[in-house]
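User: I am new to this structure and would like to go through it step by step. Could you show it first?

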Amino acid sequence: MKKLFALVLAVAMVLALAAPAFADDTITIGVFEPLTGDNGPGGKQETLGMQYANQETPTVEVNGVTYNVELVVADNESSNDKAVSAATELVAKGASIVLGSYGSSVSIAGADTFGEAGVPVIGVTCTNPQVTEGNDHYFRICFTDPGQGAIHAQFAKNTLGASKVYCLGQLGNDYDQGLLNYFQATADELGLKVLKEDFPEGTSDFTAYLTNAKNFGAEVIFAPCSIPYGQLIIQQAASQGMDVVITGPDTWDSNMIMDSVVATGMDVYCTTFYGEGGAPEFEEGFKAYLNGDETALANNGGNDMIAAVSVMGYDAYYVALEAIKAAGSADPAAILKALPDVTYEGATGGIAFGENGDAVRSTAFIKHANAETGAWEAELTDLG
Amino acid sequence: MSAFFQANLPYLLSGISVGGQYALIAIGYTMVYGILRLINFAHGDVFMVAGLVMVYASASMPMYLSIPLVIVVTVVLGFAIERVAYKPLRSAPRMSVMISAIGVSYLLQNCALYFTGGLPQMYPAIPWLSNSVNIGPATTKIVTLVTPVLVLALVVILELFIQKTKIGMAMRAVSRDFETSQLMGIKINSVISMTFVIGCFLAAVGSLLYFTNYPSVIPTSGAMPGLKAFVAAVFGGIGSIPGAVIGAFIIGICENIIKGLGSNWTVFSDAFTFVLLIIILLVKPTGIFGEKATDKV
Amino acid sequence: MSKTDIVLHVEHVTMQFGGVMAVNDLSLDVPEGKIIALIGPNGAGKTTAFNCITGVYEPTNGLVEFCGLPMVRNYPHGKMKKQYQGSNADKYAHDPAIAPSPDKITELGIARTFQNIRLWKSMTVFENVLTAKHMRADQNVFSATFRANAKEEKRMREETEALLAEQGLLQYKDELATSLPYGLQRRLEIARALATSPKLLLLDEPAAGMNPQETAELAAFIQQIRDEYSLTVFLIEHHMDLVMRISDYIYVIDFGSEIAQGVPQEIQNNQHVIDAYLGVSEE
Amino acid sequence: MEKTLQRDSARKIGSVIAWCLIAALYAFLILLDNVLPANGFTLMLIPVLKKGAIYSLICVSMNLLNGFTGLFSLGQAGFLLVGAYTYAVFSVPAEQHDAVYQYFDGGAIRFSIPETLGKLLGENAGNFLGAVVCIILAGLVAAAFAALIGIPVLRLKSDYLAIATLGFAEIIRAIFQWNSLGPITNGSNMLRKYTNFSDICIGSLKLSTAFPFFISMVCIGLIVLLINSSYGRAFKAVRDDEVAAEAMGISLFKHKMLSFVISSFFAGVGGALLAMYQTTVQANAFKSAMTYEILLIVVIGGIGSVSGSCIASFLYIACNEWWLRFLDSGSVSLFGNTIAVPFFRDGFRKVVFSVLIMVIVLFFSRGIMGDKELSFAGLVRKFQKKKSPDGAKGGAGK
């Protein structure tokens, strides 16, 4: 028995060591995403966009030579302590450039590993300013939290005409807390009244919090939390018969939130990176890809609704290809040098890098979940 | 007064409802502990699996079939866990069995992760239970009102079962003295299996109520309710069924009152549960209804 | 007997569990250098009495003095105040209760053995005895970790070796304590108790499970250690044989209360004792 | 007589081998950091070795409590958290404060120990000494927390102790996430930019892998010294039989407290090392799942075996973060051929891993080492026995 066990372990080791064996005509792009853990669903959708893009354009031409592009995915398990080894794995497998991660804290946790190895990273949807701050090798193609928090406050005040907003975020989650913080800053300027509360991880009963919101007289609930909590908040607000508007962050742009909205008829808005119908060609292709691949469809949550993070993942892949072309080589150092000047017109709009390596973006979208049609309706908002 | 009532009734209601759900899980913990002296860490995950089975079952069959199916599958799962993971360790030190329980919990969570891909699964709406209802100033789902009633009914039935039936008597004997009961010809294994079957049946019922209220199932859905229910069981005096139920209601209500206290306190709603537990343990080391354990010298 | 010769003085000790009187108003004296026995039928409360003396239980009421100084004292208070069924409830109520933990009592100089042998099962014979010397060693956790107590450690090891040699256990020193035959385990438990350098040794049924020959050897052994280590011995026993052979004085209890006391001959002929052991016929 | 002679020689040879191996290990680690080429193998080896070394210390510290003193405590994650935070709070450089404590106006503590020492002694020495000072401080703070918690909870027994310590770990986590303490703990946000392993070097010699090994080895050495001392024996006595221990004059409370505080000290040190390894700290990560993970490693290694805990730590980390990763990738590449395997997709690694753990728990319930220790002297003795059949007869007793 013991010998058998040892044998199995030994075989596993050999297999693991035999794994990285790529030919010379391949350029590796690392995908640093959570496939399991709290952020697993979002990470998967983001990865899908990249995989679709890779299927669409599996080669890149550098200096007249055509290389195959290989995506290598490392699961960071949404966990900071696993981020280091996941990042190292990508470096070890020879990634020329890395895309990711969904979730800012793992991005920050992995940043130093990439930095030490000199591998450039393009953050796809990690919105925390700290991701790129002080990390010269970290770029990003999405807007950042200060902007997003401000949009939400302005939206609540100007568009929804609210005077009291109840804010609810997860305790110990820096994404939630950061957004709440920026929201509060803008809300104070605008003269919005804000009540902010935190719920501990693993909470499923939000009725007490919603009662607090009701007692506060909130007209809008801003809940920058992850999808499962978002679903619960929407459903419980509905079952309590609350007459409020619920607004969520970019993470909420997902069919899973839409399902809850359709089931309850609540009035829900969220920010997003991508307006529906912005790139019809992409949408058509991506839907066909999803419906043609059972695993991909399952990873997307079982239907072919397009999540903004997938579009962002798709664009990130092409930005990476542009960078490789501009660098004229697969060498990470050369790509890092070329990256700041890369521009790309993607499905989510024009992408260019400005200060700190953050994308220069002038617009963000706010989407409304239409409970009757089950579709998102986008509104354009000025980031000014 | 009426304003106070109006403002606070929802907290109380949700406290009672949450307490009822904890109670159904806590009974499973307390019964297993009473007989095996084992903290069955996997119990919360069995509860989560029951939720997932319902999600998958209801997708392909009508409600009147899927509900019994969920209960049967959960009971079989509990039975299987006991046979595979705990029975072989019957004579092993207590810590080994507990670690086996942690291992099972880990396995169930990871399997759920593998099959669902970590995506939250929408729990189906069970007709009638999911409807909203008005009680004075508060609006809530019918399930909130059904839960405490159902819990009390189940506890009464369970107590009758334990007090009056032969197998109930055997359970009491085993929990009092494991070795002697074995010598007296009680079939220990069937008594233990029975305990797991009852515990898992209640967990399945609990999952129906719980997920109707909070209709999103993720692989870690069972962890927090499981932990809270366990705390409730310890609080009430582990091994005592009424103790577990009362402990669960106290914890459910306190937790919701804390959440209503103001924004600086919501942070500690979970921590408070543990503070309460530690205080109780210090004042009465075996919980409210626990029997004092004497170490024979 | 003058007061100063009394090593252990037990006065009105009562132990009540809920409504059950396990020990009821027990008073006894153990003079220095003697072997005193406490006997009684099964369930008479002998071990409970021991536990009250050694701090395992806190007696409900009563006083225990060691070498003339109060060591354990209590009076019915709290919940017990109402439930208390014994006598002398007010006698000790004026003084504060004293309830040292067993280790403090051992430190004062009382060592004990257990009815159901309680050796440290993962340790060797040598370690069992060596560990009992831990309390008396001049060291702290830092000096012990950084080996600044090397001299002390060496002394402890030498003493342990010597003690094992005296008890005839040296040849087993590296064996696991629990792998020894039963009789030797008993002996080892006594050796371990001796390692704490006691003045008074409490033996809880030392001859339990022994055959007559082993019992005879044990009797000699107890007398021998009493002389060698100038100890006082207080023992609980079932084996009349052993008790009658070695005891200087005997206390008999039944249902928690004393029913007789005296020198062995007196006890042997005491009708109460015979009744208690053989049962009284219903006439 | 011959027997003792042989045993002495075995011990001598054993210790020579052990020291040689340690020297070779450090030489290898330093080579790994500085000279060896960075390829797929060495790149993965480095984080696995670092984390393995850190987890060894953490697991040994838990083993001291659960294995050697028999206290079933599940509060380890809490003490790791305290250690990690203490380390990070005192080593974030002053200029980074505004960036790190972005929501708390730069925080309340505006100095960094490595930086302060660096000004006096030069940057490298400052980083090295500062890290060591902060690590010790982390241990001390964790120990202080343990002393406070120990007063109430150590009166509880077995399962009750387990659940109370688990509860305290959760309470500690909530306190560290509390916004009102944000100026110190940064609330729910992560601490970063503090001194980490890659800052540790002497001149141009990088010690980023050797450093965690060094600290872990010193700490585990101290724990081993403690276990083999008079106090260690007292701990084992408490574990084997509390009643007997107390009757032999061993104060239960004092010794349980000692073990609890010492174990927490080393857990705090482990937490600080973990913070250095992760380069970021967030209270969110220190959940009870982490305690269970550590407990599993201790059990796999063997409860009551220090070397078992160390071996299990390295194996566990390597399997979890390296060797079994291919199970997630959807395919296996074997000798250059990529074979798609139907079951291999995200999460499969964790399923396989948990099945492996169950197999170990059920069929090898005493773990890799049981309560034995790996000893080179023992190996040498075995070798000697094999060589001379007379020796085998003579040396029957261990």
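User: How many bridges join strand 3 of chain C to strand 9 of chain C?

Analyst: The model is a predicted one. Strand 3 of chain C covers residues 35-39 and strand 9 of chain C covers residues 249-254. C:Leu38 stands opposite C:Tyr251 of strand 9. The two strands run parallel, and the number of bridges that join them is four.

User: Which strands stand at the edges of the open sheet of six strands in chain C?

Analyst: The sheet of chain C has the strand order 6-7-8-3-9-10, with mixed pairing. From one strand to the next, the twist averages 20°.

User: In what sense do strand 1 of chain C and strand 2 of chain C pair?

Analyst: Strand 1 of chain C spans residues 6-17, and strand 2 of chain C spans residues 20-31. C:Phe17 has C:Val20 in strand 2 as its bridge partner. Over eight bridges, the sense of the pairing is antiparallel.

User: Which residue in the turn of the hairpin formed by strand 1 and strand 2 of chain C has a positive phi?

Analyst: The hairpin of strand 1 and strand 2 of chain C has two residues between the strands. In this turn a positive phi of about 55° belongs to C:Gly18.

User: Which residue of strand 4 of chain C is the bridge partner of C:Thr14?

Analyst: Strand 1 of chain C also pairs with strand 4 of chain C, residues 61-66. Those strands run antiparallel and are joined by five bridges. The bridge partner of C:Thr14 in strand 4 is C:Asn61.

User: Which elements give two or more residues to the side of domain 1 of chain C that touches domain 2 of chain C?

Analyst: Chain C is divided into domain 1 (1-109 + 199-283) and domain 2 (118-197). Their centres, taken over C-alpha atoms, are separated by 28 Å. The contact takes nine residues from domain 1 and seven residues from domain 2 of chain C. On the domain 1 side, the elements giving two or more residues are helix 3 (102-108) and helix 8 (212-228) of chain C.

User: By class, what does the side of domain 1 of chain A that touches domain 2 of chain A have?

Analyst: The domain assignment of chain A gives domain 1 (25-143 + 280-353) and domain 2 (145-272 + 365-382). The contact takes 17 residues from domain 1 of chain A and 17 from domain 2 of chain A. Helix 2 (40-56) and helix 4 (104-117) of chain A each give two or more residues to the domain 1 side. By class, that side has six nonpolar, ten polar and one charged residues.

User: Is helix 8 of chain A roughly parallel or roughly antiparallel to helix 9 of chain A?

Analyst: The axes of helix 8 (residues 227-239) and helix 9 (residues 255-264) of chain A come within 9 Å and cross at roughly 5°. Angles under 35 degrees count as roughly parallel. The residues of the contact divide into six nonpolar, five polar and no charged. The crossing angle therefore makes helix 8 of chain A, relative to helix 9 of chain A, roughly parallel.

User: Which element of chain D gives the largest share of the side that touches chain A?

Analyst: Among the five pairs of chains that touch, chains A and D have the most contacts. In that pair, 43 residues of chain D are in contact with 41 residues of chain A. The side of chain D has 21 nonpolar, 14 polar and eight charged residues. Its largest share, six residues, comes from helix 2 of chain D.

User: How far apart are the nearest C-alpha atoms of chain A and chain C?

Analyst: Chain A and chain C do not touch. The distance between their nearest C-alpha atoms is 25 Å.

User: Is D:Leu258 buried, exposed or partly exposed?

Analyst: D:Leu258 has its place in helix 12 of chain D. Leaving out residues up to four places away in sequence, D:Leu258 touches C:Val141 and D:Tyr231. A residue is buried if 20 or more other C-beta atoms lie within 10 Å of its own, and exposed if 12 or fewer do. D:Leu258 has 19 within 10 Å, so D:Leu258 is partly exposed.

User: How many residues of helix 10 of chain D are buried?

Analyst: Helix 10 of chain D covers residues 230-240. Its buried residues include D:Tyr231, D:Phe235 and D:Asp240. The helix is largely enclosed by the rest of the structure, because the number of buried residues is eleven of the eleven.

Terms used. Residues numbered from 1 in each chain as written. Chains lettered and ligands numbered in written order. Predicted model: local features only at pLDDT ≥ 70, side-chain atom pairs only at ≥ 80, totals over all residues. Contact = placed C-beta atoms within 7 Å. Nonpolar A, V, L, I, M, F, W, Y, C, P; charged D, E, K, R; others polar. Domains from an automatic or database assignment. Pairing = 2+ DSSP bridges. Axes fitted to C-alpha atoms, helices over the stretch in contact; angles between N-to-C directions. Parallel < 35°, antiparallel > 145°, perpendicular 65-115°, else oblique.
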